[in-house]
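The sequence and the structure come first.

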Amino acid sequence: MSRTNRIHSIAVIPGDGIGKEVVPEGLRVLEAAAKRYGFELKAEEHAFASCDYYLKHGAMMPEDWKERVSGRDAIFFGAVGWPDTVPDHISLWGSLIQFRREFDQYVNLRPVRLMPGVPSPLAGRQPGDIDFYVVRENTEGEYSSIGGRMFPGTEREVVIQETVMSRVGVDRILAYAFDLARSRPKKHLTSATKSNGISITMPYWDERVEAMAANYPDVRWDKYHIDILVAHFVLNPDRFDVVVGSNLFGDILSDLGPACTGTIGIAPSGNINPEGRFPSLFEPVHGSAPDIAGQALANPVGQIWSAAMMLEHLGETEAAAGIVAAIETVLAEPSLRTRDLGGRASTSECGRAVAEALS
Ligand code: ATP
Ligand code: MG
């Protein structure tokens, strides 16, 4: 990790569709940030992890992909998928899922923040009212693939799938979430559970939360069953600061959160290996959007905000905050918004405006 030196080396993977349009805008803003805040960025772009690459080579990535990116400080990713030519399960499993697994990116992090100029489906909320993080466990839990069918096709058919929670796996995501809560002004953590219905794994999760909380006496914490928690996301989003959940609950919350704050075009995410043993990956929440690709309509803000998350991870806290502030300046100006936000700016007009607001 280059937290102490200020030369950051990143692998850039635009991928497919609008990924190839929004990644250049993210890089434009990163370069402006480097100039303004005085760090150095070494970016190497890769054409693999795209469906074009798959059609040429019969695989999403070259065999030596790991060596090519493992020395980097981070991966700046666009979007992958072009279902007309390559089925989604091939493109996704051959790229993003490989990074998550091989690089032990056990944290999925998504900010939920209401921005100016972005209509929220939640009536009467103002920017500043909603500002929290969802932390999802990204490697175990409900998505174990352990189980199977017994007596398939018969009247006695039974289907079982196991949830796996290890102490290491649970504790490391909880430690990350508590650390994050500790770093924020409200110092508040909420845990998603369902220990009244899921009677073995979820009580264990609760137990580990309580044990971890003992190490963080300065962090207030509470827990909600997932069914009422989703209702609070919609009814009382101002209640949250850091929300942590297992793989399944985190998956649900990390889509619901950004949905509560408006368009999918602005939401960023990080797949993080916090110790920095492997590179972490930053990408917008949206996909490759084949329906608008090639028309300069894509909103680049999700990619640009992902760049800010990447800089935060690399220790460039000031630059990260500067980018988020520049995004807010641009979104507040109707003429600089893209079509999904009711504006008429093109992808690069919006991206350039953020870069200018930064410098
Ligand atoms: P995934 O690839 O995660 O499966 P998906 O293919 O279901 O996602 P997206 O590619 O994100 O979905 O597109 C969903 C809808 O949102 C599409 O109508 C698309 O045009 C729109 N959309 C996605 N990203 C953006 C963006 N950056 N700007 C504007 N519209 C977008
Ligand atoms: Mg898709």
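## Pairing of β3 with β12

In this predicted model, A74 stands opposite S280 in β12. The two strands concerned are β3, which covers residues 74–79, and β12, which covers residues 280–284. They pair in the parallel sense, and three bridges connect them.

Helix α1 packs on the sheet to which these strands belong, with contacts to β1, β2, β3 and β12. The direction of α1 makes about 145 degrees with that of β3.

## Pairing of β1 with β2

Strand β1 (residues 7–15) and strand β2 (residues 40–45) run parallel and are joined by six bridges.

Strands of a sheet pair through backbone hydrogen bonds, either parallel or antiparallel.

## The sheet as a whole

How many strands form the open sheet, and in what order? There are 10, arranged as β2-β1-β3-β12-β11-β4-β5-β10-β8-β9. The pairing across this sheet is mixed.

At the edges are β2 and β9, the latter spanning 220–225. Each of these edge strands pairs on one side only. From one strand to the next, the twist averages 25 degrees.

## Domains

The domain assignment divides the chain in two. Domain 1 is made up of 1–113 together with 268–359, and domain 2 consists of 140–260. Their C-alpha centres lie 27 Å apart.

Seven residues from domain 1 and eight residues from domain 2 take part in the contact between them. Which classes of residue does domain 1 present on the side that touches domain 2? Five are nonpolar, one is polar and one is charged.

## Surroundings of ligand 1

Ligand 1 is surrounded by 14 residues. The closest of them are G265, H286, G287, A289 and N299. Sorted by class, the shell around ligand 1 contains seven polar, five nonpolar and two charged residues.

Technical notes
Residues numbered from 1 in each chain as written. Chains lettered and ligands numbered in written order. Predicted model: local features only at pLDDT ≥ 70, side-chain atom pairs only at ≥ 80, totals over all residues. Pairing = 2+ DSSP bridges. Helix = DSSP H or I, 4+ residues; strand = E, 2+ residues; numbered from the N terminus. Near = placed C-beta within 6 Å. Nonpolar A, V, L, I, M, F, W, Y, C, P; charged D, E, K, R; others polar. Axes fitted to C-alpha atoms, helices over the stretch in contact; angles between N-to-C directions. Contact = placed C-beta atoms within 7 Å. Domains from an automatic or database assignment.
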